Amino acid sequence: MLENLRLGFIILLTGIVIVFSVLILLIGIIKLYSALVVSIQETFKKKFAKKKKKSVTREEIEAPVEAPKTENVESAASSDNDAIPLDVIAAIAAAVDYVFGEGAVKIKSVRKSSKRRSAWRSAGMAENTRSF
């Protein structure tokens, strides 16, 4: 009886050691993979940052900038009761310009989305699609 108890205790202890060893190994693999993904993302960001940077001459800095024509936008915004305000359009254009780089993308139109998500669905989408 004492031998069976001793054998059971050894098997239990061996099982616990193996399970925790494998868990520690899995944690290490996941952290290594996460660090690898982050380093790859940083290298891509650096490559794209180098492409975005360009030297600016003194003449370009001191040159007068012409204001964009907003006559068509204002007339379209004033004619439609459900139109998007101009400051919202400017904020969207600035965000797109910041994300894709200056002059990389041309915005042709801005319209309200016909699909509405609930706050819970939006929060779930944000949580499940965030990066490491």
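Predicted model: local features only at pLDDT ≥ 70, side-chain atom pairs only at ≥ 80, totals over all residues.

Reader: What makes up the secondary structure of the protein chain?

Author: There are five helices and zero strands. Read along the sequence, that gives the pattern α-α-α-α-α.

Reader: Where in the protein chain is confidence highest, and where is it lowest?

Author: Helix α1 (residues 2-52) has the highest confidence, at a mean of 91. The lowest is in helix α3 (residues 71-79), with a mean of 50. For the protein chain, the mean pLDDT is 79, and 74% of the residues reach 70 or more.

Reader: How do you know that the end-to-end distance of helix α4 agrees with its number of residues?

Author: Helix α4 covers residues 86-100, which is 15 residues. At 1.5 Å a residue it should span 21 Å, and its end C-alpha atoms are 21 Å apart, so the two agree. After α4 comes Gly101, whose phi is positive, near 100°.

Reader: Why is Lys106 called exposed?

Author: The relative accessible area of Lys106 is 72%. Exposed means over 50%, so Lys106 qualifies. You will find Lys106 in the loop between α4 and α5. Lys106 and Val96 are 10 residues apart in sequence, and their C-alpha atoms are 9.1 Å apart in space.

Reader: And what makes Thr129 exposed?

Author: Its relative accessible area is 59%. The cut-off is over 50%, so Thr129 is called exposed too. Thr129 sits in the segment after α5 (119-128).

Reader: Which backbone oxygen does the side chain of Thr129 reach?

Author: That of Met125, at 2.5 Å. A polar contact needs a pair of N or O atoms within 3.5 Å, so this pair meets the distance cut-off.

Reader: How much of the protein chain counts as buried?

Author: Of its 132 residues, 2% do. The protein chain exposes about 13000 Å², with carbon and sulfur atoms supplying 63% of it.

Terms used:
Residues numbered from 1 in each chain as written. Heavy atoms only, no water. Helix = DSSP H or I, 4+ residues; strand = E, 2+ residues; numbered from the N terminus. Expected span 1.5 Å × (residues − 1). pLDDT = per-residue confidence, 0-100. Buried < 20%, exposed > 50% of the residue type's maximum accessible area, 1.4 Å probe, protein only. Polar contact = N/O pair within 3.5 Å; in protein donor to acceptor, adjacent residues only side chain to side chain. Areas by Shrake-Rupley, 256 points an atom, 1.4 Å probe, with all protein chains shown as cover.
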